Amino acid sequence: MNSFLSRLSAIIKKEVLQLGRDRLTFGMVFGLPIIQILLFGYAINTDVRNLNTALADQAGTHLSRQFVSELRASQVVDIIATAEDAAELEAMLRRGEISIGIMIPHDFDRRVVDQDRAAVHILVDGSDPTILGVANQLRFMPLRFDVSPLRQAKQELIEVRPYYNPERRTPVNIVPGLMGIILMMTMMLFTAVAIVRERERGNLEMLINTPLSSAELMIGKVAPYVVIGLLQLAIILGVGQLLFDVPIRGSVVDLYIAGCAFIAANLALGLLISTATHTQFQAMQMTVFILMPSILLSGFMFPFDGMPIIAQYIGEILPTTHFIRLTRGIMLREAPIGELTYDLFYLVGFTLVAMTVAATRFTKRLD
Amino acid sequence: MKNQYAIAARGLSKHFGELKAVSELDLNVPKGEIYGFLGPNGSGKSTTIRMLCGLLTPTTGSADVLGTTIPGDAKNLKPRIGYMTQKFSLFGDLTVQENLKFIAEIYSYRRSDRSRRIDELLQRYDLVEQRKQFAGTMSGGQKQRLALACAVLHHPDLLLLDEPTSAVDPQSRRDFWANLFRLAESGTTIMVSTHYMDEAERCHRLAILDRGVKVADGTPQELQANTGMNVIEVVAKNPYAAQAALDEVAEIVSVTQLGVRLRVLIPDRHADPVDRVSAALDSRGVSASANIASPSLEDVFVAVTVKPEARQ
């Protein structure tokens, strides 16, 4: 036992020393999460606001002006220009000056009470599906206020009220998922190359000819990264809260429990890659191979339930999917980890299986 | 009987697919001796050493190494052997001292004696000044000394060295061998592979490998005495013409040029070898002197590695 600890700590100390001297990797440990979160937090914005809009109000009545002011209040449209008629709106649309054109005919007041005719025409640049989606929501406006008193109808329309993210801000949804992506990227990559690198440099041939056991080598190599992973988690949470005001409604301890399980799963996966590949380049390729579906199919980018069933099955296998469910649950829905045990146990089980396979595959031999 | 040998291998073979890297190797390495493995690249030296320390599983055969059975019992063997890989395998981004400390911890060297042992090794292997230097920035000779220091740190009974001197200058090689003799003196058995004749000559005993087959073994003196060849040294003004003349003699199995001298090997079953050589030279009008010489280790090597059909 004593020599087990001695050997284990020898490997850990060596890894820490080497990591500290590898400036680039060290920089990645801290730089990557910060850059990623800024990138994703600011750049990926699926909530659409202030679309450039032109208005042609041919009616100019009290009712039409009220309609326009309600429209403005929704913040979806930003009326930057006015036009005389539909043709002028079309021209502006074609020139790319606006994304949405709103055409209010001169008989607007009469059309409002007329069941058969639309009161307002919305001209939309449909090339961007997101904008089209927004416009489709706006389309329901005149229809609704046909059947009920005007003000009430409007309220109902604006009332697209997503739970837990009432402002419909993307970062609130992105950041908990991003924790999974960033952790996976760094944890898996570092450990995937960890053993392959020593194999390439020839260190491994020396190491496996010492009394060092496979388990000591594996645990010793990944242990420093657990700490690094937890630090990264803190960075992402901190930046998310400071810059993007992402709430942590649930318990931070729960979040860290989930984090530990997820980090372990990725380290085990990385080791598995390490034992299955022969060069660092192969290990990187393999990492990217797993990274892509983790970004696309984990529910990070697209709503999980909206994916084709096959994609959902693949997503279920990936640890990231389960971690994102855990983080969104804990951070946004204030769910205690006790209610999310399926995802937690999946991560633990995944770790055990991957670690066992990795340790079995790794023999202290060269053949 | 068993105990007098550090290594006793029987019928050791290793095949990589079609390639027979090592075939039916029998070895007896006496304790406390320096045992050399001489052979060209690809002759199976590294493969044999790797089998003996458990890194490769033999296709057939087995070996008794320090009383443990290989394959199977490598775990108990590891703490008792030191292994120096052909390629520098310590950590380039750790300092000399950190590397030694790491190795001491891996071998669970007594904590109280660790720094004393490391200091001793730094002194012995002339690395005191490099103590804080990153191993990756050192010269070939310094790296080699560090590798040896790490391999012997835990006082192994058996030291396996895979072409340890292939990347160092002659002076470093001489110093390195002085260190090996000191280790052998203190009871360590050393197995060293090399393709340098002068190094092979320093070994107490050696085996010559050729394409995975052991073609000769014994002390350098025994090998030199039992080549089965007569060595004729020819000194000629025009060695090229002399060589051309000698190539036509069927009995001659090998002609090696060393400056103006030619080393000519003729199997000893042919009588009057000097006369045969002289006659061949005279018939071509080459003026040269031919005298019988005592075989060098290089002659031995050539004699045992020439193609079998040439030896008939």
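Helices (H or I, at least four residues) and strands (E, at least two) are DSSP runs, numbered from the N terminus. The model is predicted: local features need pLDDT of at least 70, side-chain atom pairs count only at pLDDT 80 or more, and totals for chains, interfaces and linings use all residues. Residues are numbered from 1 along each chain as its sequence is written, while chains are lettered from A and ligands numbered from 1 in the order in which they are written.

Chain A comprises 15 helices and 4 strands. A residue is buried if 20 or more other C-beta atoms lie within 10 Å of its own, exposed if 12 or fewer, and partly exposed in between, with C-beta atoms placed from the backbone. By this count, 42% of the 367 residues of chain A are buried. Two residues are in contact if their C-beta atoms, placed from the backbone, lie within 7 Å. Of the contacts in chain A with a separation of 6 or more, 76% join residues 24 or more positions apart.

Chain B holds 12 helices and 14 strands. Its 312 residues include 46% that are buried. Of the contacts in chain B between residues at least 6 apart in sequence, 69% link residues at least 24 apart. Along the principal axes, the C-alpha atoms of chain B fill a box of roughly 75 × 45 × 35 Å.

The two chains meet in a contact that takes 22 residues from chain B and 21 residues from chain A. On the side of chain B that touches chain A, helix 3 of chain B gives the largest share, 4 residues. This side of chain B divides into 12 nonpolar, 4 polar and 6 charged residues. Here Ala, Val, Leu, Ile, Met, Phe, Trp, Tyr, Cys and Pro count as nonpolar, Asp, Glu, Lys and Arg as charged, and the others, Gly among them, as polar.

A nonpolar core is a set of buried Ala, Val, Leu, Ile, Met, Phe, Trp, Tyr and Cys residues joined through C-beta atoms within 7 Å. The largest such core has 165 residues. Ala268(A), Ala149(B), Leu153(B), Leu160(B), Met191(B) and Val264(B) touch the most other members. Helix 8 (residues 170-201) of chain A gives the most to this core, with 19 residues. Another core lies apart from it and has 24 residues, among them Leu55(A), Phe67(A), Leu89(A) and Met92(A). Leaving out residues up to four places away in sequence, Met191(B) touches Ile7(B), Val29(B), Tyr35(B), Phe37(B), Ile49(B), Leu160(B) and Leu161(B).

Two single positions illustrate burial within helices. Val222(A) is found in helix 10 (residues 214-244) of chain A. Val222(A) is buried, because 28 other C-beta atoms lie within 10 Å. Not counting residues up to four places away in sequence, Val222(A) touches Thr191(A), Leu267(A) and Leu271(A). Tyr256(A) is 34 residues from Val222(A) along the chain, and their C-alpha atoms are separated by 18 Å. Ala151(B) is found in helix 5 (residues 140-152) of chain B. Ala151(B) counts as buried because it has 24 C-beta neighbours inside 10 Å. With residues up to four places away in sequence not counted, Ala151(B) touches Gly82(B), Tyr83(B), Met84(B) and Leu159(B). Ala151(B) and Val260(B) are 109 residues apart in sequence, and 43 Å apart in space, C-alpha to C-alpha.

Two packed helices are described by the angle between their axes and the distance between the axes. Axes are lines fitted to C-alpha atoms, for helices over the stretch in contact, and angles run from 0 to 180 degrees between N-to-C directions. In chain B, the axes of helix 3 (residues 96-106) and helix 4 (residues 114-124) come within 10 Å and cross at roughly 130 degrees. Helix 3 of chain B is therefore oblique to helix 4 of chain B; angles under 35 degrees count as roughly parallel, over 145 as roughly antiparallel, 65 to 115 as roughly perpendicular and the rest as oblique. Helix 3 of chain B contributes Gln97(B), Leu100(B), Lys101(B) and Ala104(B) to the contact, and helix 4 of chain B contributes Arg114(B), Arg117(B), Ile118(B) and Leu121(B). These residues divide into 4 nonpolar, 1 polar and 3 charged.

Ser108(B) is found in the loop between helix 3 and helix 4 of chain B. Ser108(B) is not a glycine, yet has a positive phi of about 50 degrees. The peptide bond from Ile70(B) to Pro71(B) is cis, with omega near 0 degrees.
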